[in-house]
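Reader: I have a structure to go through for class. Can we take it step by step?

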Amino acid sequence: KQFHLGMFEIGRPLGKGKFGRVYLARERGSNFICALKVLYKAELQHGSGVEKQVRREIEIQSNLRHPNILKLYGHFHDSKRIFLILEFAGKGELYKHLRRENRFPEWKAAQYIAQMASALRYLHRKHVIHRDIKPENILMGIHGEIKISDFGWSVHAPNNRRATLCGTLDYLPPEMIKSGSNDNWYTEKVDLWSLGVLTYEFLVGEAPFEDTPVMTHKRIARADMTVPEWVSKEAKDLIKKLLVLDPDKRLPLEEVQNHPWIIKHCVKGERVSNREKAQGK
Ligand SMILES: COc1cccc(-c2nc(Nc3cc(C)[nH]n3)cc3ccccc23)c1
């Protein structure tokens with residue numbers, strides 16, 4: 001299917017991402033609502049890693065179909081811009097909700113982590129390592145379902161591109177921040193560590209190793225963090241089983257989905273979560 005700008009009615013700007021702006025849009029023929037992400041070629045520094053990275057990420061994202069992964073329906077470009085036709089997630093950025101609510105109640109955090117584990121299992125089955133799991137890269141649909149929306153994905157083993165540390169260190173696992181590891185070799189298990197950091201941040205409202213960059217680096221390398229005593233012991237158990245230095249000892253995604261904390265709050269355990277919701281937990 002060939003797409004071009006004239007096919008869309010452009011609505012309000014939704015916001016600005018790292019490399020471009022995002023607009024609400026409607027495809028004229030079908031009235032289909034989507035989000036149009038506009039990237040300026042000039043800003044992608046010709047021939048640098050970023051342009052190739054965008055192309056590769058379009059390639060990956062176009063072939064993914066999962067309810068908790070934001071769909072990329074297509075793309076097109078003109079002389080100055082690249083346009084990505086993306087699924088519209090009605091409730092916007094998850095981290096805005098997290099900051100507004102400070103932290104999520106356990107039933108809500110558990111349901112989000114269950115959805116993330118499902119999306120990551122799908123990605124890992126396709127040998128896609130996300131590498132950038134954090135609240136800023138997750139959007140929320142109108143029914144409260146979450147969608148991984150970032151493009152920074154790499155397939156299989158990572159290339160030697162140094163992880164651009166322009167963003168936060170908070171979510172990086174020990175094997176990615178360890179210097180001297182000559183080829184930066186890491187596996188899908190990096191996403192398990194980040195899932196542990198995400199679980200902690202959903203429940204506590206801040207990342208487990210949050211500190212000055214130097215201290216964060218040290219604390220990650222030693223998995224040096226403490227879970228507040230008011231976090232349930234089941235949740236603490238899951239966090240401790242994901243934030244493990246040895247990648248091979250981290251809890252596999254199948255076991256995350258069957259963890260008592262997840263089972264207790266997932267859809268099947270509707271009664272429990274409803275009761276907790278009622279108590280405003
Ligand atoms: C920096 O703030 C940004 C940046 C980009 C998008 C939003 C935003 N996005 C979406 N949905 C989206 C976005 C994409 C790519 N698909 N669905 C919804 C919103 C609702 C309220 C405010 C903001 C929103 C914010």
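Reader: How many disulfides does the structure hold?
Author: Zero disulfides, a disulfide being a pair of cysteine sulfur atoms within 2.5 Å. This is a predicted model, where local features need pLDDT of at least 70 and side-chain atom pairs count only at pLDDT 80 or more, while totals for chains, interfaces and linings use all residues. Residues are numbered from 1 along each chain as its sequence is written, and side-chain values use heavy atoms, with hydrogens and water left out.

Reader: Is Cys34 buried or exposed?
Author: Cys34 is buried, at 1% relative accessible area. Buried means under 20%, exposed over 50%, and partly exposed in between, with a 1.4 Å probe and protein chains only.

Reader: And Cys266, buried or exposed?
Author: Cys266 is also counted as buried, with 11% relative accessibility.

Reader: New topic. Which residues are closest to the ligand?
Author: Lys16, Glu87, Ala89, Gly92 and Glu93 are the closest of the 15 residues that surround the ligand. A residue counts as near if one of its heavy atoms lies within 4 Å.

Reader: What does Glu93 do there?
Author: One of its polar side-chain atoms lies 2.9 Å from an oxygen atom of the ligand. A polar contact is a pair of N or O atoms within 3.5 Å.

Reader: What about the backbone of Ala89?
Author: A backbone N or O atom of Ala89 is 2.8 Å from a nitrogen atom of the ligand. For Glu87, a polar backbone atom is 2.8 Å from a ligand nitrogen atom.

Definitions and conventions: Polar contact = N/O pair within 3.5 Å; in protein donor to acceptor, adjacent residues only side chain to side chain.
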